[in-house]
Amino acid sequence: MSADLADFIRGLPKAELHLHIEGSLEPELMFELAQRNGVELPFKSVEEVRAAYAFSNLQDFLDIYYQGAQVLLTEQDFHDLGMAYFRRLAADGGRHAEIFFDPQTHTDRGLPFSVAIEGLLSAMKAAEAELGVTSKLILCFLRHLSEDAAFDTLKAAEPWLDKLAGVGLDSSEVGHPPEKFERVFTAAHERGLLRVAHAGEEGPPEYVWQALDLLKIDRIDHGNRSLEDDALVRRIVDQGLTLTVCPLSNLKLCVVNDMVDHPLKRMLNLGLRATINSDDPAYFGGYLQDNWMAAATSLGLTRDELATLARNSFTGSFLPLADKAAHLAEIDRYLAASA
Ligand code: ADE
Ligand code: ZN
């Protein structure tokens, strides 16, 4: 007998390729860390925090997201944050995650660069041992800050270069085009790092072109607005680049007005290698399972399309080829067993 949709999705082996670890800070943990560290929060209760999560655009969200991150002060805090996320990932059938962190959000508050990265690396190691979940770490530059600040961050990361999969670009998109970071992305590449960038979330197709041509990215984060430009779609299809799409994030940040209008299915029909991801799950109303369910039910995704999305999450990952092949074979076995 075939499993119902929720069970089918939960059991489908999958990876998450677009997750900001600071965006997985649940209000309950925020309060716990605030108390542990003696940090004053501008909210009286968990309910009050959740009520504040009504956003009209990306900047509305970023303002509250950077404020929330201020409770993170020690390696243990980052370890606890990471483990809480990996437990949710494993519960949703996630086998692998490539997670972003924003070191400048922490070093600008006076934390040494080592605190966030060491806490996260220890959580990644524990998640593999305890949950069987593998992961990679991507350092994001905050695009509202300067090119010099990004170079300083890359320099601070030097002792950990072998622990990083790549660099990314996030924060306020409009007004901060990829070209501002061309040189620092080249420097990151010269240090052996892969490159990804948020592009076409709120910004125009021109920003996606720049991310491809100037930053030479290996994967596109969001990419929704690429669909406004046929030549750009052809370029992304021809290059075989993966898009890390985030359905509930797009809804909460008003990138789409209704989930039934979400471009995910159109992306698949155009031959784009789209994936489903949670972005900032504590702020946008759900982890992987919730994102997959929202997209599947609103867009009427078929089991074939869901299987394609699961395969895309591994083929678009930065795992070695042999690991990708092992995950793809696991998907095939799962589909055969649930047919
Ligand atoms: N930082 C955390 N989430 C983000 C998003 N969706 N876009 C840009 N920057 C972010
Ligand atoms: Zn993001």
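Mentor: Before we sort any lining residues, a word on classes: Ala, Val, Leu, Ile, Met, Phe, Trp, Tyr, Cys and Pro count as nonpolar, Asp, Glu, Lys and Arg as charged, and the others, Gly among them, as polar. Please also keep in mind that this is a predicted model.

Trainee: How many residues line the largest cavity, and which lie nearest its centre?
Mentor: Its lining is made up of 15 residues, and H20, L58, L62, S171 and H198 are the ones that lie nearest the centre.

Trainee: And how do the residues of that lining divide into nonpolar, polar and charged?
Mentor: Six of the lining residues are nonpolar, four are polar and five are charged.

Trainee: Which helix gives the most to the lining?
Mentor: That is helix α4, residues 58-68, which contributes five residues to the lining of the largest cavity.

Trainee: While we're on S171, where is it found?
Mentor: S171 is in the loop between β4 (166-170) and α9 (182-190), and with 6% relative accessibility it counts as buried. Its phi is near 80°, a positive value in a residue other than glycine. As background, most residues other than glycine have a negative phi.

Trainee: Which loop holds D279, and what is its phi near?
Mentor: D279 sits in the loop between β8 (273-276) and α14 (281-284), and its phi, near 65°, is likewise positive in a residue other than glycine. D279 is buried, with a relative accessible area of 2%.

Trainee: Switching to rings, how many aromatic pairs does the count come to?
Mentor: The count comes to 14 aromatic pairs.

Trainee: How are F61 and Y65 separated in helix α4?
Mentor: They are four residues apart in helix α4, which means a separation of about one helical turn. F61 is buried at 2% relative accessible area, and Y65, at 4% relative accessibility, counts as buried as well.

Trainee: What about charges, which ring does the charged end of K14 sit over?
Mentor: The charged end of K14 sits over the ring of W292, 5.7 Å from its centre. For R303, the charged end sits over the ring of F8, 4.4 Å from the ring centre.

Trainee: Back to loops, then. Is L72 buried or exposed?
Mentor: L72 is buried, with a relative accessible area of 0%, and it lies in the loop between α4 and α5 (75-91). Leaving aside neighbours within four places in sequence, L72 is in contact with E22, L33, D77, F78, L81, H106, R109 and L111.

Trainee: And F43, where does that lie?
Mentor: F43 lies in the loop between α2 (27-37) and α3 (46-51). At 16% relative accessibility, F43 counts as buried, because the limit for that class is under 20%. With neighbours within four places left out, its contacts are F31, E48, V49, A52, I64 and Q67. The C-alpha atoms of F43 and F31 are separated by 9.2 Å, and the two residues are 12 residues apart along the chain.

Trainee: Which residues does S226 touch?
Mentor: Not counting residues up to four places away in sequence, S226 touches V208, L232, V233 and I236. S226 is placed in the loop between β6 (219-222) and α11 (230-239), and it is buried, with a relative accessible area of 1%.

Trainee: Last one, is L194 buried or partly exposed?
Mentor: L194 is partly exposed, with a relative accessible area of 31%, and its place is in strand β5, residues 194-199. Beyond its neighbours within four places in sequence, L194 is in contact with A165, G166, V167, D218 and F318.

Key. Residues are numbered from 1 along each chain as its sequence is written. Chains are lettered from A and ligands numbered from 1 in the order in which they are written. This is a predicted model: local features need pLDDT of at least 70, side-chain atom pairs count only at pLDDT 80 or more; totals for chains, interfaces and linings use all residues. Side-chain values use heavy atoms; hydrogens and water are left out. On a 1 Å grid over the protein atoms alone, a cavity is a set of points where a 1.4 Å probe fits but cannot get out, and a pocket is an open set with protein on both sides within 12 Å along at least five of seven lines; lining residues have an atom within 4 Å of a point. Helices (H or I, at least four residues) and strands (E, at least two) are DSSP runs, numbered from the N terminus. Buried means under 20% relative accessible area, exposed over 50%, partly exposed in between (1.4 Å probe, protein chains only). Contact means heavy atoms within 4.5 Å. Rings of Phe, Tyr and Trp (its six-membered ring) pair if their centres lie within 6.5 Å; planes under 30 degrees apart count as stacked, over 60 as edge-to-face and the rest as tilted. A charge sits over a ring if NZ of Lys or CZ of Arg is within 6 Å of the ring centre and within 35 degrees of the ring normal.
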